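Have it open in your viewer, and let's walk through it piece by piece.

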Amino acid sequence: MIEVSHLKKEFRIPVQKKGRFAAVRNLFSGEYTVKRAVDDISFTVNKGEIVGFIGKNGAGKSTTIKMLSGILKPTSGSVTVDGIRPFEQRMENVGQIGVVFGQKTQLWWDVPLIESYRLLREIYKIDDTVYRENLDRYIPMLGLEEVIHKPVRQMSLGQRVKSDICAALLHDPKILFLDEPTIGVDVVSKKYLHDFISEINREKGTTVLLTTHDMGDIEKLCSRVVVIDSGRLMYDGGLESMVQKFGAVRSLMIEFETPVEDFRIEDAELVRSEGNRKWFSFHRDKATPMGLIRSIGDRFPIHDIAIIEPDIENIVRNLYESR
Ligand SMILES: Nc1ncnc2c1ncn2[C@@H]1O[C@H](COP(=O)(O)OP(=O)(O)OP(=O)(O)O)[C@@H](O)[C@H]1O
Ligand SMILES: [Mg+2]
């Protein structure tokens, strides 16, 4: 469905000179530095898959999505989305994809939501029955009844993101690109979004490429992940094997009844100490939180505990260090 082969994107950034007439000299100097945002990546996404596309800030995820949606022209390499080259065949491509950038709305700011949707129906030339059916289903599924007559500027962040996702799906796209759709969204709305995306995927076979910094999104929705770092492909495979390989280190925070001197314990490492609290890290295969709590609790009275699972940033760091 999506084929990315040796894809590269370089940005030419003008060198900024300082001093007298700098602005004018910058204009004519013609000097550039080159930032390689995407550096020779290849992967494919099959029809009906939901693939998580993850990596640190600045890794090149949004740049890749922009090339897949035809907003940016690749410097070299090739991209096809269901056989269409997104940049060269923009019009054909927009008809088959839906795009949501969590950071930025695609909707009209001052126009009531329903009017935005009507405008999209005209622009995309969406068949009347398709439009009706989708709207009638998605509005209640996403809980948009209360905002359908409000302009986007009056919406909360969660409402706005849900409105954007609905908009991206009105024309029944084959492929959905979601770039941080859950950023700043509360847990209740996140659950709505997870259920919604799963259901659309299951029912319509929509292929989804999802970028997020939230491990919960990935665990809920993706069985496969593609990880990039500094524009390079780091990992492409199952989520489970990635977590087993690179997300094996978990942490346990223990708050004691009274201050406790630092101590050593088998199979876990004391990594931080603050007031009555201590943090231990341990390998998934070597220890369990319950085992540790039992053996530590035998020695010192415990007041409270928290188990901290590795997040995407941790996993990506481990991936990077293991190379
Ligand atoms: N228009 C541009 N001009 C110059 N450099 C750019 C441009 N867009 C992105 N970059 C640079 O390319 C790199 C990749 O950016 P990109 O937005 O793709 O990262 P990202 O993986 O989406 O990160 P985040 O998780 O922060 O959203 C960054 O170093 C960024 O500064
Ligand atoms: Mg981004």
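What follows is a short tour, from the domains down to the ligand and some packing details.

Keep in mind that this is a predicted model, so to speak: local features need pLDDT of at least 70, side-chain atom pairs count only at pLDDT 80 or more, and totals for chains, interfaces and linings use all residues. Residues are numbered from 1 along each chain as its sequence is written, while chains are lettered from A and ligands numbered from 1 in the order in which they are written.

The protein chain divides into domain 1 (2–244) and domain 2 (247–321), with bounds that come from an automatic or database domain assignment. Their centres, taken over C-alpha atoms, are 37 Å apart. Domain 1 puts 12 residues into the contact and domain 2 puts in 9; contact here means C-beta atoms, placed from the backbone, within 7 Å. On the domain 1 side, helix 9 (239–246) gives the most, with 3 residues. Helices (H or I, at least four residues) and strands (E, at least two) are DSSP runs, numbered from the N terminus.

Now for ligand 1. Its shell includes F11, I13, K35 and A37, along with G58, G60, K61 and T63; a residue counts as near if its C-beta atom, placed from the backbone, lies within 6 Å. Strand 1 (2–14), strand 2 (32–45) and helix 2 (61–68) each supply at least two shell residues, and the largest share, 3 residues, comes from helix 2.

Next, look at helix 6 (157–169) and helix 7 (187–204), which pack at about 10° with their axes 11 Å apart. Axes are lines fitted to C-alpha atoms, for helices over the stretch in contact, and angles run from 0 to 180 degrees between N-to-C directions. That makes helix 6 roughly parallel to helix 7, a label for angles under 35 degrees. G158, K162, I165 and L169 of helix 6 meet S189, L193 and I200 of helix 7.

Finally, there's an open sheet of 4 strands, antiparallel, in the order 11-12-10-13; strands pair if DSSP finds at least two bridges between them. Strand 11 (269–274) and strand 13 (302–308) each have a single partner strand, so one side of each is left without a neighbour in the sheet. Inside it, strand 10 (249–256) and strand 12 (277–283) pair over 7 bridges, and S251 stands opposite S281 in strand 12. Helix 10 (289–297) lies across strand 10, strand 12 and strand 13, running at about 155° to strand 13.

Notes:
Two residues are in contact if their C-beta atoms, placed from the backbone, lie within 7 Å. Angles under 35 degrees count as roughly parallel, over 145 as roughly antiparallel, 65 to 115 as roughly perpendicular and the rest as oblique.
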